[in-house]
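Dear colleague,

Please find below the structure I am handing over to you, followed by a summary of what was found in it. Kindly keep in mind that this is a predicted model.

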Amino acid sequence: MAVLEVKNLGISFGGLRAVDDFHLEIEKGQLYGLIGPNGAGKTTIFNMLTGVYKPTDGRILLDGEDITGKTNIEINKAGIARTFQNIRLFSELTVLDNVKAGLHNQKEYIYSTLTGILRLPRYHQAERAMDERALELLKVFGLDEEASYLASNLPYGKQRKLEIARALATNPKLLLLDEPAAGMNPNETQELMDTIRFVRDEFHMTILLIEHDMKLVAGICEKLTVLNFGQVLACGGTSEVLKDPKVITAYLGE
Amino acid sequence: MKKLSKTTKSSLVTYGIVAAAYLFCEVLMRTGHMSSLLKGILVPVCIYAILAVSLNLTVGILGELSLGHAGFMCVGAFASAIFSKCMAEAIPVPLVRFILALLIGVACAGLCGVLIGIPVLRLRGDYLAIVTLAFGEIIKNLINAVYLGLDSNGFHISMKDALSLNMEEDGQIIIKGAQGITGTPSDSNFTIGVILVLLTLVIVIHLVHSRTGRAIMSIRDNRIAAESIGINITKYKMLAFSISASLAGAAGVLYAHNLATLTASSKNFGYNMSIMILVFVVLGGIGSIRGSMIAAVVLTLLPELLRFLNEYRMLIYAVVLIVTMILTWSPGAIELRERYSLAKLFHKKEKEVQ
């Protein structure tokens with residue numbers, strides 16, 4: 001069964017039809033790319049998938065469960081986590097605390113505010129377990145050395161990784177990456193590609209990403225959907241879609 | 001693990017400073033080296049320290065501006081003073097009476113925090129500052145206009161004057177309009193004040209270093225990202241703000257039980273007071289719990305210690321404020337501090353040993 005199934009999703013802002021009749025189906029463990037020219041509605045789709053915008057019509061199913069119109073908090077609990085086009089970290093928290101914040105709603109680490117203030121045994125036990133889990137995640141991304149740094153003091157590439165680590169801490173079924181390679185040089189992009197592949201294999205994660213860097217898209221995505229003026233232009237295996245004349249005229253260029 | 005021990009160490013230092021200051025003052029008092037003027041200011045110092053730490057929870061940790069902290073203090077003060085005055089004979093033990101009054105004052109101030117928070121904390125921007133500023137003024141003026149009496153038939157309330165309360169002969173006026181509450185039992189003392197300061201510190205520091213504290217600070221740092229990882233923004237903002245309001249209420253309780261006469265003037269509960277608490281927080285460092293406590297103590301003691309300068313006193317006070325601000329925040333001073341910081345000197349020594 002598909003992890004994510006989107007059926008004729010659409011949204012209007014006043015008279016503007018930003019996304020229309022959008023379909024998407026992602027299998028478990030797939031690396032899926034969403035591409036298209038600026039303003040095609042890619043981030044709008046991400047915002048609908050994560051509950052920031054409420055779709056005007058259509059349905060979103062996550063693992064068969066209807067999550068259309070739920071709030072972003074409910075959707076995160078249901079299992080969708082995301083990163084942002086412009087990095088959004090908790091800049092005054094440490095690297096470790098950023099990931100621990102991501103663990104906030106995980107059942108095994110929950111304790112009440114009063115338990116925290118009184119420092120009951122449960123506090124110490126949960127915090128220790130959180131530290132371990134967070135360090136484990138940081139190690140995967142090679143960030144464990146910087147665990148006590150402020151997030152804002154990390155170099156750009158590592159901030160991207162930390163954002164992915166924080167998203168993974170919420171234990172999602174589906175990970176959405178919004179332009180993960182934006183602002184990266186070719187070396188960093190190469191490293192990022194390895195990281196994304198690694199996340200997929202290590203965590204058996206299903207990943208949907210928006211990207212403009214065609215080298216990255218062609219390098220790691222198995223399937224693509226091309227969006228143009230809010231509508232699906234093409235959809236299918238990466239190599240076929242990139243050869244499609246319609247896609248070449250609308251987006252890639254001759 | 002290393003990080004954990006660092007925060008624990010830092011909080012222990014904070015508690016240690018309070019304990020040391022307390023012992024120092026006690027020794028001075030016992031040996032008779034403290035002027036009566038200074039003795040009179042010990043409890044207010046505790047009150048301001050509590051207020052500064054509690055406001056720092058709103059300003060530094062939650063990242064919202066509150067300009068009505070004196071209002072919450074006012075609510076705590078009057079709620080507890082009414083209780084203590086009514087119960088002055090029913091509960092003869094001062095400590096028990098004070099603890100109950102404290103609980104009542106804290107609860108009432110916290111409730112006001114919730115009531116204000118429900119509509120305002122859903123909004124983004126500086127609305128909280130505006131609303132709390134108004135709240136502080138409204139509470140003050142409201143209490144100035146209220147007459148409250150107690151007789152065998154229960155409470156009587158009037159907005160006009162004492163006569164229109166229509167009380168029985170055994171009636172007792174509790175709040176007498178602008179004259180406030182007189183004859184509150186003075187159940188508080190310096191020791192109780194210091195204990196309350198310590199309690200406030202423990203509550204705020206433990207809160208900050210817990211799951212809840214991380215959620216609150218993540219909202220401060222990036223609201224959208226916090227929502228994306230499933231943190232309930234409104235819930236945690238409300239929580240932080242109402243805890244902050246309750247603690248301000250505790251300061252109010254201490255204030256009410258330190259004075260025989262409690263009035264709501266613009267001097268003690270007006271916006272000037274709220275701004276002064278904000279000055280403590282900013283000067284001590286936004287987000288630094290220990291800093292705001294120290295700033296509150298120093299800036300409260302300073303005008304008293306400068307009394308020998310007579311009319312130049314407030315001038316010097318202002319100069320000290322400006323100089324501290326420059327030394328704390330100017331880039332040059334920060335660089336100097338980093339170069340010659342104690343921690344770094346120690347670190348170098350460690351390295352040399354290795």
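Helix α3 of chain B, residues 69–86, lies across the strands β1, β2 and β3 of chain B and runs at about 165 degrees to β3(B). These three strands form an open sheet in the order β2-β1-β3, with antiparallel pairing. Since β2 (154–158) and β3 (172–176) stand at the edges and each has a single partner strand, one side of each is left without a neighbour in the sheet. On average, neighbouring strands of this sheet are turned by 20 degrees against each other, direction ignored. Four bridges join β1 (residues 147–151) of chain B to β3(B) in the antiparallel sense, and Y147(B) stands opposite K176(B) in β3(B).

Helix α3 of chain B is also among the packing partners of the buried residues of α4(B), together with α5 (127–145), α6 (190–208) and α9 (233–256) of chain B. Those buried residues include R97(B), F98(B), G105(B), C112(B) and V120(B). Helix α4 comprises 27 residues (94–120), which at 1.5 Å a residue should span 39 Å; its end C-alpha atoms are 38 Å apart, so the two values agree.

Finally, the second largest pocket has a volume of about 740 Å³. It is lined by 25 residues, of which Y48(B), K267(B), M276(B), T300(B) and E304(B) are the closest to its centre. Helix α2 (36–62) of chain B, α10 (266–269), α11 (271–284), α12 (289–305) and α13 (313–329) each supply at least two residues of this lining, and α2(B) gives the most, with six.

With kind regards

Note on methods: Residues numbered from 1 in each chain as written. Chains lettered and ligands numbered in written order. Predicted model: local features only at pLDDT ≥ 70, side-chain atom pairs only at ≥ 80, totals over all residues. Heavy atoms only, no water. Pairing = 2+ DSSP bridges. Axes fitted to C-alpha atoms, helices over the stretch in contact; angles between N-to-C directions. Contact = heavy atoms within 4.5 Å. Expected span 1.5 Å × (residues − 1). Buried < 20%, exposed > 50% of the residue type's maximum accessible area, 1.4 Å probe, protein only. 1 Å grid on protein atoms, 1.4 Å probe; cavity = no way out; pocket = protein on both sides within 12 Å on 5 of 7 lines; lining within 4 Å. Points joined across faces, edges and corners; volume = space filled by probe spheres on them.
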